[in-house]
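Please read the report below with the sequence and the structure side by side.

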Amino acid sequence: MRKGDLTPDRDRVTEEHELQETRFNPEAERSKNVRQYQREDEEDEEEEEEEGEESVEGIFESREVPSWEKQLTVRAFVVSLALSILFSFIVMKLNLTTGIIPSLNVSAGLLGFFFVKTWTQMLHKSGLLKQPFTRQENTVIQTCVVASSGIAFSGGFGTYLFAMSERIANHSGDAARGVKDPSLGWIIAFLFVVSFLGLFSVVPLRKIMIIDFKLTYPSGTATAHLINSFHTPQGAKLAKKQVRVLGKFFSLSFFWGCFQWFFTAGENCGFHSFPTFGLRAYQYKFYFDFSATYVGVGMICPYIINISLLLGGILSWGLMWPLIETRKGDWFPSNVDSSSMNGLQAYKVFIAVAMILGDGVYNFCKVLSRTLSGLFKQIRGEASWRTTLSREQEPPASPLTPKISYDDQRRTRFFLKDQIPSWFAGGGYVLIAAVSIGILPQMFDQLRWYYILVIYVFAPILAFCNAYGAGLTDWSLASTYGKLAIFTIGAWAGSDHGGVLAGLAACGVMMNIVSTASDLTQDFKTGYLTLSSPRAMFVSQVIGTAIGCLVSPCVFWLFYKAFDDLGLPNSKYPAPFATVYRSMAKLGVEGVSSLPRDCLVLCYAFFGFAILINVVKDGMGNRWGRFVPLPMAMAIPFFLGPYFAIDMCVGSLILFVWERLDAPKAEAFATAVASGLICGDGIWTLPSSVLAIAGVQPPMCMKFLSSETNHRVDKFLQGSS
């Protein structure tokens, strides 16, 4: 969908991408190229185009569609559990490092297909196969895995939840305003209380969203196309090749992470401290990190995101922070530590916050206006059609009336076959809301029951807006709604009544509702296009959410216990957005009086700068606007540094060269290569965390020193000997 379009186009997927502290959805952009590779062995291009227009449901017409109960198999949830653990480690690591989380939908669908297909082939050869593997079961696996790993994002382990801890509060300089340290028990209980409400809020609207309004949901559509292609003979052949490539790079990434571990026996040791561009550049975080994860993420993310990250790093760490450092003793005290929120750190955090808020406000207004405008046109068009129908007693037959295809007829029939009663959805929402209103104030004394009641009254409206907007633009504004809750509830509670903790807890309540609502409607779209039952989708989402509520806290707890410096700026896992969210809560409660000199002026300037960039980007149209950097992406290195952006740009460069040398193969296998790099490095965090908890230290330290420092070290060692 191009910028400016207000009505959904079912035959196109969006060219826009969201950057939250979030998930990207590039498979919507690349799925058509994968399908092109699948047809490369055909005789000529005209036959390829004709095959592309063939009815999808016509291909699957001879295959029986299983009932919704048979779509929910034990083997599907066994595979989902294994993949959920894997992806939870990946998402958690990204949460606690950069906050940039790519979409793993394709990897989930691909690995789910491979594991169950291998399983069923073995049973088939042994004569024990009772139920063949279907695309509906594949969709159930993908839904369950994405729902589970999504809790690792919306659970706030790198944002609002960790921001409550004493460690982040001390670093932010406001521990006196209330802390709540992580504990496995209350985190699991909190997630179970708040994570299911969003599922019930949009269930009654599924027909309106998918069939009546025909919303695109580009990521859900792209995932459905891939799953459909996997279950054709040619698609299954390509899927096996993709899994082999993924497995190869998974192994390389895993053993590379293991190899690096041997050289990290001390602080600032190892390949991640390699001063690639010199020691002076290293001091300002300009170096190549040798991280397979960041290289893989760079291959998945669109080029403009990686370029935006690098530009933000150059602007902040290359220009602004060295200049502001020269004002030490004038703008801020000269005797404060570099990580103190009374010094340079305050400029890094609050200017980044200003850009994030500016970008969020602009996109919130844009998506909301587009949502309302599109909704108005849909309703007006429906009313006009009904008026005409009442006059003519039959739908108007004209060239402008869209003909319903065979695919749409069949999909609609199966989508409406297994209804989820509205009373079930409404009753579930009221029941969970009542339980939540009773339990949450017991967990957070600062979060009054009437704060929660107000959130739950408005939550269905906001969940609908987020789900509808995601259907039009593929943008989920979950974190934006969460920030809105931080400021409103925090200001309502006030500084003297625990406004910081109340705002952060309210952020968690809001984020989980609107995030799961948009995720479920995406899954309904995927289910619609694969003839998967809405009941099966809902049950799979519920089970996946429950798995996430158990697995994600356990994974976070492993990180929390294994790494004592988790959340600190110069650590391996700095959790940058935890400090950002804590600062937002502090700002919402006490205002701007605590900021250093001229910090507020710079915040206003960059808030306006973010809005201006978005205005220019939208005003230039898609042809030229796609070259304009994204403010949200530029803001992330302001706090964290540009090192990971360099890694991601290396990933982009690899993909760019590959596409120039062999575009079809690059576009068919790039996601598999990137997923392998991310998965291998991500799963290495499990054994490395276990080794850290067990007290096993790496045997060597690889550190780089200047010649002067090295001379002093040699002189000291010679003297001591």
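## Confidence along the chain

This is a predicted model, and the chain averages a pLDDT of 82, with 86% of the residues scoring at least 70. Among the elements of the chain, helix H10 (residues 184-194) has the highest mean pLDDT, 95, whereas helix H2 (residues 45-52) has the lowest, 40.

Two stretches call for care when the model is read. Over residues 1-53 the pLDDT stays under 50, although the model has 140 contacts beyond four places in sequence for this stretch. Over residues 392-401 the pLDDT also stays under 50, and here the model has seven contacts beyond four places in sequence.

## Helix H7

The expected span is taken as 1.5 Å times one less than the number of residues.

H7 is mostly covered, with 20 of its 20 residues buried, and the helix is followed by Gly-156, whose phi is positive, near 80°.

## Helix H5

Helix H5 (residues 74-97) has 24 residues, and from its first C-alpha to its last it reaches 35 Å, which is close to the 34 Å expected at 1.5 Å a residue. H5 is mostly covered as well, since 19 of its 24 residues are buried, and after the helix comes Gly-99, which has a positive phi near 85°.

Terms used. Residues numbered from 1 in each chain as written. Predicted model: local features only at pLDDT ≥ 70, side-chain atom pairs only at ≥ 80, totals over all residues. Heavy atoms only, no water. pLDDT = per-residue confidence, 0-100. Helix = DSSP H or I, 4+ residues; strand = E, 2+ residues; numbered from the N terminus. Contact = heavy atoms within 4.5 Å. Buried < 20%, exposed > 50% of the residue type's maximum accessible area, 1.4 Å probe, protein only.
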